[in-house]
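Here are my comments on the two-chain model you asked me to look over. Please read them with the structure open.

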Amino acid sequence: MLLHRPKAGVAATVLAFLVAFALSPTAAFAQARDGVGEARRVVVLNGTDPYLPAFIAIDGALRVAVRAGHPGPTEFYAETLDMGRFPRTLLENDVLALLRKKYRGLKVDVVVAVETAALDFAQRHRAELWPGAAIVFHSVPPDALRARRLGPRTIGVPVRLEFGPTLELALKLKPAARRLAVVVGASEIDRRFESLARAAIERHAGRLEVEYVAGLPLADSLAAVRALPADAIVVYAAMFRDGAGVPLVPRDVLTRIAAASPVPVFGVFETYLGHGIAAGSIASYEAQGRRAGELVARLLNGEDPAAIGVQAPVAPGCIADWRQLRRWGIGEALLPENCALRFREVGAWEQYRWQILAVLAVILAQAALIAALLVQHARRRRAELALQRHRGELFHAARLATMGELTASIAHEVNQPLGAILANVDAADMLLESGNVPREALREILADVRRDDLRASEVIRRLRALLAKHETAHERLDINATTAEVLRLLAAEVRRRGVDVTTEFDPQLPAVLGDRVQLQQVVLNLIVNAMDAVADVTAGRRRVLVSTRLTPDGGVAVAVSDRGPGIAAERIEKLFESFFTTKPRGMGLGLSIARTIVEAHGGRIWAESDGRSGATLRFTLPGAEPAAEPVLVERPT
Amino acid sequence: MIERVISLSAQAAGGDSGPAGVAATPHTIVLVEDDDGLRSALVRILELAGYRVESFATAEDALAANAAARAECIVCDVYLPRESGFALRRRLVQAGSQVPVIFITAHDLPAVRVEAESLGAADCLIKPFAGRMLVAVVRAALTSA
């Protein structure tokens, strides 16, 4: 590209203007008018509407092929005759006048005639409008060519509109079809398509009952299609204008026809694919455009059109719409070999089969792992619960056994108040017999009866608390009170055995967290053991000391000391083992269970003895956290 | 220590000679029982029966008060704190006392009965027993003494 040198002073402004101008669409035109450069000119003359989808596709491919085949600058001029909508006689003179004006003095190298009407126009007026230009046509069917005499320097790529093969394909895909509806519009082009279709379909006459839904208003066409029986098929040719004179875009009409049709629709144009036809024998627009473009490039490169000649039509092929086949339940197996299947929706499964399988495998593995863990957890939980239950039962059995040894004392504890009640009742009876009954005396007796009754109930309540089966609890306990309650329960036994039991309770002890009954069981066991230990000691010297104190780590220690014969060092080790006993009738479970209970409470139990003068059994329990109190948090200020 | 018991004997024994047919100078019964409730009930029934009752909570207390010297019958619990009822009986026997002793106990054990018999007890009552039963046993003991 050459630029005029700008004059001094306005250099920058002019330069910027020229750059902008050179980049604008009109720049090439300006260059050409000025005769600057080697640009060749191509007029693309469309007989109908250049914006029809088919022509957009063909023109795009054509231009690409021209640029690829002819490296020099090429200018494209687009013209339309619009004879799809308007009769030729109405416009031709005016269009001619306009083009005459436009192309006067402008050398055009090639005219691309798109569609039959354009080919006719170009041939008629080439000498006047574009003298010396070669004509390259496309989108013209062979039948139309046969009826025309092509002038010199006219070559092109015909298009075969495959109504015949399309109908054969349709019958292959729907063998049960007995009726055929051909839908076509009322414009000149529509009529040309109709005649092509009729010619092709005649060859199948006899096999099908054919109905032409031709030249009707669109609404009537749709109604006719809607009313078709199930054994029909539809071939849609085109509808540039309907019977009511309404101009239409054939592809948009197809969309409505296909929506209304109860049977598959077939067609011969590639642009119909994706808009409602199930399949067709179709020549690719891209191939048509490329082939025509290649001819243009060769002409621009200087080849002689006579040497090139009219080309063979682009070979059509079977193309089917996968979605439509699915809609009509037509199996892919019915398609001929090499039929291109478009719009195939590849399911996630087909597209990502291995990834999905891998993810599923991972998920399954994880699920299996989680399930296994859950099962294991449930089993462990069950086992723990069973263990806890068995422990509870063992503790309970041990309590029963210990209390069994204390039966005599327990009976004594209950019998005392019962005896008192009996005596008081007799006393009241005797008073009544005496005739002179002082009310005050009777009231005193009744008060005593009530008191003794409550006393008996209290003994039974304590016994039940210790003997009943219960769920392990975790409550805050005062260990002194818990121990004292055991001593009250044992009071009769202590007396019966003639043992002197003394207590030394530290009043400043923290609470402990635990199960009252289980801890009382431990204390009970230790005291009964201690009383057993002093059984053979001379009366009056059978002493047992029960004491509590604070441990250095803030816990609680309970000790039961006796003045018995002590425990030999080798026995101390085994004292807390199951089934180790020194008693003729003992089971050897008491201290073992005591240890289990204490350890379950986070404590420790052990024995101390010098082996000669008495023994001390001691256990510790951790102190509970102080009951909820406001916690002061120091904030940095 | 002799416990003061709200005495009903004034009304009971004063009006008639009592169920035991006690004379104007009532017999003295010494009761040793550590259970407060039972002790007061037994005192009440014996007094209603027309007896004079001295009651103690422990054997040691009874000995200290030299109650045996005044007693015509001793009603004594077997299991007492420190010294038992049996030990008290042995001491009294050793000291030459011939006062009849009735043991009362909540422990219905053969060993207890055998020991009571071997110590020459007038009777051995197993708690709980009816008040009238004690009165009958005491009267029998006083009669046979």
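1. Ground rules. This is a predicted model, in which local features need pLDDT of at least 70 and side-chain atom pairs count only at pLDDT 80 or more, while totals for chains, interfaces and linings use all residues. Residues are numbered from 1 along each chain as its sequence is written, and chains are lettered from A and ligands numbered from 1 in the order in which they are written.

2. Confidence in chain A. pLDDT is the predictor's confidence in each residue, from 0 to 100. Its mean over chain A is 86, and 90% of the residues there reach 70 or more. Strand E9 (residues 265-266) of chain A scores highest, at 96. Helix H2 (residues 26-33) of chain A scores lowest, with a mean of 43.

3. Stretches to treat with care. Residues 1-36 of chain A stay under 50 in pLDDT. The model still gives this stretch 16 contacts beyond four places in sequence; a contact means C-beta atoms, placed from the backbone, within 7 Å. Residues 630-637 of chain A are also below 50.

4. Chain A overall. Chain A holds 21 helices and 19 strands. These are DSSP runs, numbered from the N terminus: helices are H or I with at least four residues, strands are E with at least two. Of the 637 residues in chain A, 40% are buried. Buried here means that 20 or more other C-beta atoms, placed from the backbone, lie within 10 Å of the residue's own. Take the chain A contacts between residues at least 6 apart in sequence: 72% join residues at least 24 apart.

5. A mixed sheet in chain A. Five strands make an open sheet, ordered E14-E16-E17-E19-E18 (chain A), with mixed pairing. Strands pair if DSSP finds at least two bridges between them. Strand E14 (500-505) and strand E18 (604-609) of chain A are the edges, each pairing on one side only. Neighbouring strands are turned by 15° on average, direction ignored. Within the sheet, strand E16 (residues 543-550) and strand E17 (residues 556-562) of chain A are antiparallel over seven bridges. Leu545(A) sits opposite Ser561(A) in E17(A). Helix H19 (residues 516-533) of chain A packs on this sheet and touches E16, E17 and strand E19 (615-621) of chain A. Its direction makes about 20° with that of E17(A). Axes are lines fitted to C-alpha atoms, for helices over the stretch in contact; angles run from 0 to 180 degrees between N-to-C directions.

6. A parallel sheet in chain B. The order is E2-E1-E3-E4-E5 (chain B), again open and five-stranded, with parallel pairing. Its edges are strand E2 (52-56) and strand E5 (123-126) of chain B. Four bridges join strand E3 (residues 73-77) to strand E4 (residues 101-105) of chain B. Val75(B) stands opposite Ile102(B) in E4(B). Helix H6(B) lies across E1, E3, E4 and E5 of chain B, at about 175° to E5(B).

7. The interface. Which elements of chain B give two or more residues to the side that touches chain A? The contact takes 27 residues from chain B and 28 residues from chain A. The contributing elements are helix H1 (9-15), helix H2 (36-48) and helix H6 (131-144) of chain B. H2(B) gives the most, with eight residues.

Note on methods. Two residues are in contact if their C-beta atoms, placed from the backbone, lie within 7 Å. A residue is buried if 20 or more other C-beta atoms lie within 10 Å of its own, exposed if 12 or fewer, and partly exposed in between; C-beta atoms are placed from the backbone.
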